[in-house]
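These are my notes from going through one structure. I wrote down each thing as I looked it up.

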Amino acid sequence: MINPRLNFDDAGSGPAIVLFHGYPFDRSMWREQIAFLSGHGYRAIAPDLRGFGEMSDKLLFVADDRRETDRQAEACRTTMTDMARDVVALMDRLEIDRAVICGLSMGGYVAFDFVHLFPARVSALVLCGTRAPDDNEQEKQGRAQQIDVMLAKGMNEIAEATLPKLLAPRTLAEKPEVVTRVREMILRADPEGAAAAQRGMAARRDYSDDLPNIKAPALVIVGREDPIRPVVDAEFMHRALSGSALVIIEDAAHMTNMEQPEVFNRALREFLRSFH
């Protein structure tokens, strides 16, 4: 694939923090964090990862002398390595040598590949609602089923099926604006871009053995009620990451930064102040 030019938000000045969004979202999920960080002495950068958001290039294929067949295009996937390399290219454009790398869910997988490929570019690591092990066969099958649905019918069924897992009961009952924002992000997602990312997540490697070798300061954040990446996944990473901090956010499921932004931002700032 051709390396695309990412659309991104860039606000504030000071130590850089790059925010990797989850699946199937876009950079708008970090709105509260961008405002908070840029107002507290940090430079916050939030890109739309390859295939998501307002990316003008979307998915670009390199044909091998002949025209690509539909079958070849269907087999396309966006790997976590692709996304990590896109972001380091963006950092080069912005003349950012090192940054705090923060990823939620799929963004956490991208963060793992980023710190593996470019350890010298990472001043600290924040992992939210993610996990180190790769997919088991049941999870791979679930991703394949989602791909079939989104390519055949669009993102509406995906949105309705996943909202109860993404958001805690209290969020669903008391924060309609958050529910609306999450639903609209899913509906905005390009089905082909989302399908390519699903294939990439299904093919990702197991990052568990990487954890003890990560030397950067690390913070692990998880929602108490997250059924997708539960507390046990966060505790596993916390134990393996030397000297890491663990924050469990109450009344939150998978979208901790949107469901409880004040708690999330406070935890993030306390972590950043511990080494900046």
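Predicted model: local features only at pLDDT ≥ 70, side-chain atom pairs only at ≥ 80, totals over all residues.

I then looked for disulfides and noted 0 in the structure. Cys102 is in no disulfide, and the nearest cysteine sulfur, that of Cys128, lies 4.1 Å away.

**Strand 4.** I asked how many of the residues of strand 4 are buried. The count is 6 of the 6, so strand 4 is largely enclosed by the rest of the structure. Next I looked up its neighbours. Strand 2 and strand 4 run parallel and are joined by 4 bridges. Ile17 has Val100 of strand 4 as its bridge partner. Strand 4 is also joined to strand 5 (residues 122-128), by 6 bridges, and these two run parallel. Here Cys102 turns up again, with Val126 in strand 5 as its bridge partner. I followed the chain from strand 4 through helix 4 (residues 106-117) to strand 5 and recorded a right-handed β-α-β unit.

**Strand 6.** I checked its two faces separately. Ala218, Val220 and Val222 are buried on one side, and Leu219, Ile221 and Gly223 are buried on the other. Strand 5 and strand 6 run parallel, with 4 bridges between them. Leu125 is paired with Ala218 of strand 6. Between strand 6 and strand 7 I noted 5 bridges, and these strands run parallel too. Gly223 has Ile249 in strand 7 as its bridge partner. Strand 6, helix 10 (residues 231-240) and strand 7 form a right-handed β-α-β unit.

**Helix 5.** I looked up the length of helix 5 (residues 137-153). It has 17 residues and reaches 24 Å from its first C-alpha to its last, close to the 24 Å expected at 1.5 Å a residue. Which residues of helix 5 are buried? They are Arg143, Ile147 and Met150. These cover an arc of only 75° around the axis, which puts them on the same side of helix 5. An α-helix has 3.6 residues a turn, so residues three or four places apart point the same way. On the other side of helix 5, I found Glu137, Gln138, Gln145, Asp148, Ala152 and Lys153 exposed. The buried residues of helix 5 pack against helix 4, helix 6 (156-166) and helix 9 (191-202).

Last, I went through the backbone angles. Most residues other than glycine have a negative phi, and most peptide bonds are trans. The peptide bond from Tyr23 to Pro24 is cis, with omega near -5°. Pro24 is in the loop between strand 2 (16-20) and helix 1 (31-38). Glu95 is not a glycine, yet its phi is positive, about 60°. It lies in the loop between helix 3 (80-93) and strand 4 (99-104). Is Glu95 buried or exposed? At 74% relative accessibility, I put Glu95 down as exposed. Asp251 is not a glycine either, and its phi is positive at about 55°. I found Asp251 in the loop between strand 7 (245-249) and helix 11 (256-259). Its relative accessible area is 26%, so Asp251 is partly exposed.

Conventions. Residues numbered from 1 in each chain as written. Heavy atoms only, no water. Disulfide = S-S within 2.5 Å. Buried < 20%, exposed > 50% of the residue type's maximum accessible area, 1.4 Å probe, protein only. Pairing = 2+ DSSP bridges. Right-handed = clockwise from strand over helix to strand, strands pointing away. Expected span 1.5 Å × (residues − 1). Arc of directions from axis to C-beta. Contact = heavy atoms within 4.5 Å.
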